[in-house]
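Here is a walk through one protein model, taken a piece at a time. Please keep the structure in view while reading.

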Amino acid sequence: MPQFPEEPIYEQLARIGKALASPVRLRLLDVLDQRERTVEELARSAEIPLKNTSAQLQQLRAAHLVTSRREGTRVYYRLADARVSRFLGEFQGFAGGRLADLRDAVRARLGSLEGVTADELASRLADPATLVMDVRPAADYAAGHVPGAISVPLAELRDQLDDLPRQARIVAYCGGPYCVVSPEAVRLLRERGYDASPLDGGFLGWRRREKPLEH
């Protein structure tokens with residue numbers, strides 16, 4: 001017997017909370033929010049063991065946060081719809097405003113570099129002095145990127161430094177709000193004398209604010 005009349009309703013609501021109550025599943029959702037992937041691609045991108053990735057995907061599917069499609073022998077996973085992406089952005093923003101420990105963890109991992117907001121970057125896209133740099137893997141860039149951005153994966157950045165215009169104001173971004181790649185790229189650029197800043201929220205922050213994309 002239910003403890004109170006509305007308990008069955010709250011049990012269903014709790015399914016979403018249970019699905020989100022895992023750092024691994026939250027990480028997988030952020031990676032899938034960038035583009036669909038096979039379970040093998042997802043495991044590599046999220047840096048999570050394959051067996052664990054597969055098990056966590058099943059829980060996300062059960063909560064209807066993730067869906068899949070088959071193409072030949074391959075199964076591709078993606079977020080169920082755009083509402084999941086918006087919810088994740090709001091959830092992360094709400095948590096950041098409530099949890100000082102989360103803010104401390106972000107600073108410890110990403111540093112305290114002052115970033116450029118999505119709105120600021122949108123107003124600067126037409127400025128020829130602004131150079132937008134996507135430091136994610138090339139496949140992620142091809143699936144969607146900030147208009148006019150150039151693709152320079154972090155592993156290739158050192159080799160391309162001398163080809164970048166010295167007078168440019170560079171805005172670099174990677175996958176999401178907790179991605180460590182763009183801060184690393186910005187530090188390297190600044191060491192070489194470039195004017196560089198990270199994009200707040202990364203690619204996901206840009207897209208969740210419904211800014212334009214190129215493919």
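**Helices, strands and a disulfide**

Helix 3 (residues 39–46) and helix 4 (residues 50–62) pack with their axes 9 Å apart and at an angle of about 110°. Axes here are lines fitted to C-alpha atoms, for helices over the stretch in contact, and angles run from 0 to 180 degrees between N-to-C directions. Helix 3 is therefore roughly perpendicular to helix 4, a label for angles of 65 to 115 degrees. Their crossing is right-handed, meaning that the near helix is turned clockwise from the far one by less than a right angle. Helices (H or I, at least four residues) and strands (E, at least two) are DSSP runs, numbered from the N terminus.

This is a predicted model, in which local features need pLDDT of at least 70, side-chain atom pairs count only at pLDDT 80 or more, and totals for chains, interfaces and linings use all residues. Residues are numbered from 1 along each chain as its sequence is written, and side-chain values use heavy atoms, with hydrogens and water left out.

Next come the strands. Strand 6 (residues 169–173) runs parallel to strand 7 (residues 195–198), and 4 bridges join them; two strands pair if DSSP finds at least two bridges between them. Within this pairing, V171 stands opposite S197 of strand 7.

Which residues form a disulfide? C174 and C179 do, with their sulfur atoms 2.4 Å apart; the term covers a pair of cysteine sulfur atoms within 2.5 Å. The structure holds 1 disulfide. C174 counts as buried because its relative accessibility is 1%, and buried means under 20% relative accessible area (1.4 Å probe, protein chains only).

How values were computed
Buried < 20%, exposed > 50% of the residue type's maximum accessible area, 1.4 Å probe, protein only. Parallel < 35°, antiparallel > 145°, perpendicular 65-115°, else oblique.
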